[in-house]
Amino acid sequence: MGKDVAANLQNLGDFYNPNVLINLGPSHPAMHGTLRVMCRVNGETIEDATCEIGYLHRGIEKLGEEKTYHQWIVYTDRLNYCSALNNNIAYCMAVENLMQIAVTERCMWVRMMLMELARITDHIICVAINALDMGAMTVFWLLYQWREEAYTMIESICGMRLTTSASRIGGMSHDLPDDFIPRMKKYVEEFPKALEEIEGLLTGNRIWIDRTRGVGVLSREEALRFSVTGPCLRASGVDVDLRRDRPYYFYNDVKFDVAIGSNGDVYDRYLIRIEEMRQSARIIKQCMDKLPNGPIWVEDRRVRIPEKADVYSKMEVMIHHFKFFMEGIDVPKGEAYTCVEGPNGELGFYIVSRGGPKAWRMRVKSPSFMLFQSFEHCIKGDKIPDAVAALGSVNIIAGELDR
Amino acid sequence: MSKDGSAFVFPALLQEVVKWARKSSLWPMPFGTSCCGIEMMSTLSSTYDLSRFGAEVVRFSPRQADMLIVAGTITTKMGPVLRTIYDQMLEPKWVIAMGACSSSGGIFDTYSVLQGIDEIMPVDVYVPGCPPIPEGLIHSIIHLQKIIDGDMQRRPAEKPTHEDAMNAMNYRKNVDISEIQSSYVVTKDGVAPNAFTKRS
Amino acid sequence: MGNSFVKDAEFLKRQQDANTRLQEKYLVLPLGEGRKLELDKLDEPIFWAKSADDAVMLVKSFKVDPNFKIDFLSDITAYDNTDKKDGPKRFVLVYQLYSTTTQVRIRIKTLIDLNEEANTLVGEWDGANWLEREIFDLYGIKFKGHPNLRRIMMDERFTGHPLRKEYPMKQREPFSDNVRLHLGAHSLPGQK
């Protein structure tokens, strides 16, 4: 009898073993791309976590040194592929700042509108996938419908749904088609109603609140220490929004609110994203009202890609076009760091140029990199399903993380 | 079929029935790494419903799936992971290489990207596009269904040999330049010379 | 001539004050010997430090300086200086600092040689951990005092530092047990 009791106690000792390692990823059902989280668990509580990245490292920064400035626009789509327009525009803004070119007014308003549309699509994916990971599939189906409508509009501008490459240095690849503005008006009228529907499903939902309140908490000091930006920083209570603090284009002239959270948990991040989608719809409405007619290309000989009709008929224009695409544009020596408020945080392009058609160093400061670093800290003490919920809320885009 | 619909007899070869069952209930294992993964999610969602073709049950466990959709860039760090997943799947299994990156490396011809997953596994259907639109992926599933039916030629499963794997991960191929017709040649140093210089 | 940012008079004044303060306090001899202040294309200050240790010391002093109120580390990066246009050494290490309250940006650059080690910023900002690991992985610059200096983007067994200018773009590196995973039970030449 004594021997059995002793044996049982020894077996139970195996249960309380805090050194079990569980590996989430790199291929995991949470559809977030290729990341890996090694957790040291005790029962189901995560005591320690380490993240490993690099499973999607494609050498985009080294390609920036090999390709010309125009050729690299294609690679910017693949950084944060959920909001490709934002990356394109931020990159073209960076090169234009380096060359000290100010684009036309119409181009600025169009770019603002498209950046906000990209923000809406990115937040749709984040909220939808977050809900899907926690079992709320209906939200996924409902929100994806709106993403498809946004895709159709984006396709009407540049021909591609996801990887758009819509902006060029000095302008846009195509101007807005005629049916874009009516469609967009309809979109921003009806989208907030869909958001009401989603909020009705999730915000007051007992299960959602239980699963997301107090989960993945990142305090204010930790968020600043980890250099977190974007909705996650605002959820932790820090009032930073680059559109309002250091405005670019006409963000000074549009009215919008910035949502700040208090707890820094998954629930706050979800609420902030919903609110940001509403505010983006508001910004788009104001952009459409203020959109001026006019040229979308700046008439600067260094960057202006000529119109196709002229290319096919005039000799000098054809040579100009040829030199653009065979040799590249000539960017003067210098460097600049341009950052925009992307959907995920501060997306920055640090371009060092030694003159010539190719960059000397093309650095992408991606928000997901810092977010994932804080992730391994914020899931300590939570359980494994909480880690999945927190991963969805932090919105790691692997393309941006690993570049 | 009797008049009241109670009896239900289909005379057919067992093989045909098995083929019909297999092609109409392909359970995909989505291996989405990057942008193509988002388009795959769009295909699986309600507008371009993939479950119309039987591929509704998306199983994230390779042991329960029979079709592997590799959507996105596969890097050299991810290669062994993908191969392990492929090995864990049970026969019969099919592989769809979705997008340019998994078919041939795509726009990323760099130091860390596999130039196509056929460097490490046999592929049945390649879907071009960057990313392919959802109709493209659906077209590839229909194509796969025709392959399973036997209407189209199935690509023979050429298992990569040891030499292939050693050459695949290392771009320094020992090629004989005079045999190559194209002007874009990668030399032993791994760096392509200018296309207009003479080849020695 | 212009850029995409709104020309806000108040912000420009704040940035100008920061530049002046940089000149007055940090360029003054004797400590300012070897340092330089330049402006980039967006009129943001680029502060060249004397050495890598000096750069970290400057970062720490900017953090406590009440005029700057730097509380945010935007980025740490590096680039290759093989054509020696920025100085005699091999790499340039770049620190991007930001203040969330005054929106002032300061960039600190320093030259660092091939086998020289820089000091780590992990004590000040936890976010510097992965940024320095990335620089180590892609350039080979080591950081003294870093708790976990391993490769982050590439495989652990990768040799070579890809973002250096002499690393060929397309050179991949095979690993023997990757290959074994692919093929099953083949033994490779030279392997037991």
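Angles between axes are classed as roughly parallel under 35 degrees, roughly antiparallel over 145, roughly perpendicular from 65 to 115, and oblique for the rest. The model described here is predicted, with local features requiring pLDDT of at least 70, side-chain atom pairs counted only at pLDDT 80 or more, and totals for chains, interfaces and linings using all residues. Residues are numbered from 1 along each chain as its sequence is written, and chains are lettered from A and ligands numbered from 1 in the order in which they are written. Helices (H or I, at least four residues) and strands (E, at least two) are DSSP runs numbered from the N terminus.

In chain B, helix H1 (residues 14-24) packs with helix H5 (residues 134-149) at an angle of about 160°, the axes being 9 Å apart. Axes are lines fitted to C-alpha atoms, for helices over the stretch in contact, and angles run from 0 to 180 degrees between N-to-C directions. H1(B) and H5(B) are therefore roughly antiparallel to each other. H1(B) contributes B:Lys19, B:Arg22 and B:Lys23 to the contact, and H5(B) contributes B:Gln145, B:Ile148 and B:Asp149; two residues are in contact if their C-beta atoms, placed from the backbone, lie within 7 Å. By class, the residues of this contact comprise one nonpolar, one polar and four charged. Here Ala, Val, Leu, Ile, Met, Phe, Trp, Tyr, Cys and Pro count as nonpolar, Asp, Glu, Lys and Arg as charged, and the others, Gly among them, as polar.

Helix H2 (residues 35-44) of chain B is largely enclosed by the rest of the structure, because ten of its ten residues are buried. A residue is buried if 20 or more other C-beta atoms lie within 10 Å of its own, exposed if 12 or fewer, and partly exposed in between, with C-beta atoms placed from the backbone. Among the buried residues of H2(B) are B:Cys35, B:Glu39 and B:Thr43. The C-alpha atom of B:Thr43 is separated by 27 Å from that of B:Thr76, the two residues being 33 apart along the chain. B:Thr76 lies in the loop between strand E2 (67-71) and helix H3 (79-88) of chain B and counts as buried, with 24 C-beta neighbours inside 10 Å. In the loop between strand E4 (125-127) and H5 of chain B lies B:Pro131; the peptide bond from B:Cys130 to B:Pro131 is cis, with omega near -10°.

Chain C contains an open sheet of five strands in the order E1-E2-E5-E4-E3, with mixed pairing; strands pair if DSSP finds at least two bridges between them. Strand E2 (residues 45-48) and strand E5 (residues 105-112) of chain C run parallel and are joined by three bridges, and C:Trp48 has C:Lys109 in E5(C) as its bridge partner. Helix H2 (residues 52-64) of chain C lies across E2, strand E4 (91-98) and E5, running at about 165° to E5(C). Helix H3 (residues 128-139) of chain C lies across E3 and E4 of chain C, at about 5° to E3(C).

In chain A, strand E2 (residues 36-42) and strand E3 (residues 45-52) run antiparallel and are joined by seven bridges. E2(A) and E3(A) form a hairpin with two residues between them, and A:Gly43 in the turn has a positive phi of about 75°. A:Asn42 has A:Thr45 in E3(A) as its bridge partner. A:Ser165, not a glycine, has a positive phi of about 50° and, with 20 C-beta neighbours inside 10 Å, counts as buried. A:Arg78, in the loop between helix H3 (73-77) and H4 of chain A, also counts as buried, with 28 C-beta neighbours inside 10 Å. Leaving aside its neighbours within four places in sequence, A:Arg78 is in contact with A:Thr163, A:Gly399, B:Ser34 and B:Cys35.

The contact between chains A and C takes 41 residues from chain A and 33 residues from chain C. On the side of chain A that touches chain C, 18 residues are nonpolar, ten polar and 13 charged.
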